Amino acid sequence: MEAEQARIQADLRGILDGEVFCDSLHSQMYASDASLYQIAPMAVVRPRHADDVAGCIKYAVENGLPVFPRGGGTGLAGQSLGPGIILDFSRFMRRMVDLDTQNLQVRVQPGITLGDLNRQLAPHKLVLGIDPPMRAVTTVGSLVAIDALGSHYPRYGTAGSHLLGARAVLADGQQVDLAKTSWHYPNTGSPKLDRIATDLGRYLTENKETISSPPWKGIPRGCGYRLESILEDDQVDLARLQAGAEGTLSVLTELTLKVDRIPNARALVLLLFEKMELAASAALEARKDEVAACDLMDRRLIEIARELDSRYEAMLPRGCEALLLIEHQGDDLTEVKQRLVALVQKIVRKAPSTQQTAIIVDDAERDFVWRLSRRIIPQLARLGGPQKPISFVDDLSIQPERMPDFLHEIQNILKSERVTATLFAHAAQGNVQLRPFLDPNSEEDIQKLLRIADKVFEKVIEFRGVISGEHAVGLSRSGYLRQQLGELYPICRQVKTWFDPDGILNPGKLITDAPQRPIDNLRTDRKEPDAEELTQPARPMLPILDWSGEKSLEATSRQCNGCGRCRTNAPTERMCPLFRISRSEEASPRAKANLIRGLLSGDISGPQSESDQMRAIADLCFHCHQCRFECPSQVDIPRMVVELKAQHTATNGLRITDRLLSRIDLLTNVASRFPRLANWAMGNRSMRWILEKSTGIAMGRRLPQIAKQSFLRWAVKQKLNRMSRSGGRKVLYVVDQYANWHNPWVGKALVEVMQHQRVEVYVPTWQTVTWMTKISLGDVERVKRLIVPQLRRLADAVRQGYTIVATEPTAALCLQHEYPNLFTSDDAMLVASNTQEAGHYLWEMHNRNELELDFKPLNISVVYHTPCHLRALDIEYSGTKLLELIPGLNVLQADSGCSGMAGVYGLKRENYRNSLRVGWGLISTMQKTPAQIGSTECASCKLQMEQGVDKPTIPPIALLAYAYGRLPEVKTWIQARHDSLVVP
């Protein structure tokens, strides 16, 4: 930390109640967003309340520091980036303050996301209808700052049209209320704001003709300050002025918004066209019909959607050049459908080759179709090759009637540069989002980027459109704003001067004397080390894992485009469990990719990669793999986190408690020699206090009992440790810690079920645990030495016809995903490609009509939880499907998110409370469910499910064995009840 930053940090921490960071790690995490740009801030402030915001701005004024308000960091134009103080509202100031259902008004803090707000409004049948593609993670303050719209603009308008009033901090630190006020006799309660209102009203009146006739007249949203929207008779709307100002006039701390009632009826249809021109013309017909939404996608996006999801492949035929997604809303479903049918008929008469889907009214199916426009574009980053569809001319608006001609001109520009692009449009409002395929790391493509931006923006202005029609001007378009605004520019400049005379609020955006070019401040991948770094002693440096496969560490880190989808709190998704409870940027998966990029580029020095602070950030990932599974770009964040942890471990080693817990198999082995004593000790609170102090295992955590005989010993007695030379179906069972030492019934159930299918089971006695705990802790070098002999033997078994199965999803995930990360050897790849979780293996047998279905009825009810590691392995969720085959068994879905255990993470005293917070949804589901038992494949999740209840949780494989009549002991397990610290 530089001396100046240390001083700022000390000063601000003495002034503010919120969090203040001036270190290079936080600077790197906040240096970028979802745009192409990167600018490291000097300080990051997370205010807890409006007084913190005011205090920070006063300090900034006194010290000549610029201030950059930030929401979720999901902007595509770099509008929240800058070299001064970042104000992050998403950490603390994210609450709904008040809701007036009678007057359809809501009062919120700026850091609340649109997704969270609408979930709180939904029980009242209300909605804030602005719907940008990243609405799940976009903050409401950001929506207002850029005056956002979205697909449903024809029905709901822009964010600014919903803004009724605001509480704000001016550029001198003064807190004021912004609303409509008379500019002749203002009564804002602030002499300074009264003076601004008077000057503003007089000035806008004098320039009314210029303001009311902008070059882009007739386009849904303007550019620059929304001056045409704030003057009404003798009143000036100071709140509305902030919408679209991108935080350059004031910093909003509370917003009062108008909300709408959720429509009773919604219906949509997909129309597919053989020519882009036909789709653009059809959009004009839709516009005349006052549709609620009309989005357009080109052939490339259609093909990408087909490749990414098989369901889209069935829905979208090949050969289509464009599609329109059209929605109508209303009070009566029959009327809505009739309107949509009539519109489609009108379009088809003019373009007979048009294909259409059935009219969709089902909520789930409609939401799936809408993912075409909301999810496909963020997934573009996962495309292979150095050239990616990037956003810098992605927000163009022209009059809808001129869209066919405009698209033709844009295609000519791209052809002249020999560049292809994806094209998406909110066609009813004339908003075009163009993403050319370029490589920002290529000097030739960087120059192409600049030429394309110059030509495209010049063409937009020629067509009397706007260069920022939905998102923000930000950094990417600020250099073109003077040309765009023309005579309006000096008017906007005067407004900026009145509100922010010192220019400290988000400088470099909108009205600025130093606008950047679209190619300035681009993210860089690598820089040469300086002399000081070259003279430092050698240390283990990145990478430590084997990145010699398809994607290097650099390519994987670049694959994260910063979209912020990993910051979601949606109940239908799980990433990221720890971010959900902390809401801090460092807990987000995106932050880890940013840190890796910083290390590779040299923005973060080598010693910092080994620091305890870096380790603490890396430990905010507990390796659930949900980010990798749900990320639109499928960035392998868990692998990068292991890289960060491995760097720290290689230099500093593991802590004593981590070292103990990473070898919990040895502890259990010792305890198994005295099972009665061990079980008594684990159930005795005094002994648990000693255990907590010596090993770090939380005193309140229920632990699994120690079995009298391990499963491996039982398997030897059953002669399952001998390989078969037969050519039939045969599996090698990888036994996990729980099935071996704690509850052999799980392993026995696997054997019984497989033998019932006439599948031979081999249980080798040379096997060890899979070492997932050590891998997740970063003890990589030790793991490499431990697994080499086992990996070779597993590969030999596969070559002899065995399929490797595991009843523990974590073990299967380790073999499938983690081992190839450590080795790119043929043995590792062979083992990975021939390993399956047991339930998935059985479900594939069922799909081939090979599974025995002679189940006996089980008249019980079970609540099933899908473990995170199983979700990362098996998109079919085979466990629950297998249970549904058992007659009489009533299967209820938990749908409660991550359990919060993550192996030994939830065992640790230091993580115990956070583990309960993450898993509270599952715990409360188990407490409230009428089901007699729970069920899950994961032994760790099982502990969390049993943490607050006395009913048992039984793996699906055991229930299958019991239903086959092969393991009657399970009946005792089902009937068991427990209230101690030890569970079966």
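**Notebook: a parallel sheet and the aromatic pairs**

I started with helix α36, residues 809-822. Helix α36 lies across β24, β26 and β27. Against β27, helix α36 runs at about 155 degrees. I am working on a predicted model.

Next I looked up the sheet under that helix. In which order do the strands of the open sheet stand? I read β25-β24-β26-β27, 4 strands with parallel pairing. β25 (760-762) and β27 are at the edges, each with a single partner strand, so one side of each has no neighbour in the sheet.

Then I took the strand pairs in turn. How many bridges join β24 to β26? I found 4, and the two strands run parallel. β26 also pairs with β27 (residues 835-837), in the parallel sense, over 3 bridges. I picked out A806 in β26. V734 stands opposite A806, and in β27 the bridge partner of A806 is E837.

I followed the side chains of β26, residues 803-806. T803 and V805 point one way from the strand. I804 and A806 point the other way. Are these four buried or exposed? I noted all of them as buried.

I turned to the rings. My search of the whole structure gave 10 aromatic pairs. One of them is Y203 with W498, edge-to-face, at 5.4 Å centre to centre and 85 degrees between the planes. This pair links distant parts of the chain. Y203 is in helix α7 (residues 191-206) and W498 in helix α18 (residues 488-499), 295 residues apart.

I logged a second pair, F711 with Y733. This pair is edge-to-face too, with 5.6 Å centre to centre and 75 degrees between the planes. Where do the two residues lie? F711 is in helix α31 (residues 711-717), and Y733 is in strand β24 (residues 730-734), 22 residues apart. I marked both F711 and Y733 as buried. Which residues make up the aromatic cluster here? I listed F711, W714 and Y733 as one cluster.

Last, I looked for charges over rings. The charged end of K730 sits over the ring of Y802, 4.8 Å from the ring centre. I found another case at W547. There the charged end of R639 sits over the ring, 3.9 Å from its centre.

Technical notes. Residues numbered from 1 in each chain as written. Predicted model: local features only at pLDDT ≥ 70, side-chain atom pairs only at ≥ 80, totals over all residues. Heavy atoms only, no water. Phe/Tyr/Trp six-rings, centres within 6.5 Å; stacked < 30°, edge-to-face > 60°. Buried < 20%, exposed > 50% of the residue type's maximum accessible area, 1.4 Å probe, protein only. Lys NZ or Arg CZ within 6 Å of the ring centre and 35° of its normal. Pairing = 2+ DSSP bridges. Contact = heavy atoms within 4.5 Å. Axes fitted to C-alpha atoms, helices over the stretch in contact; angles between N-to-C directions.
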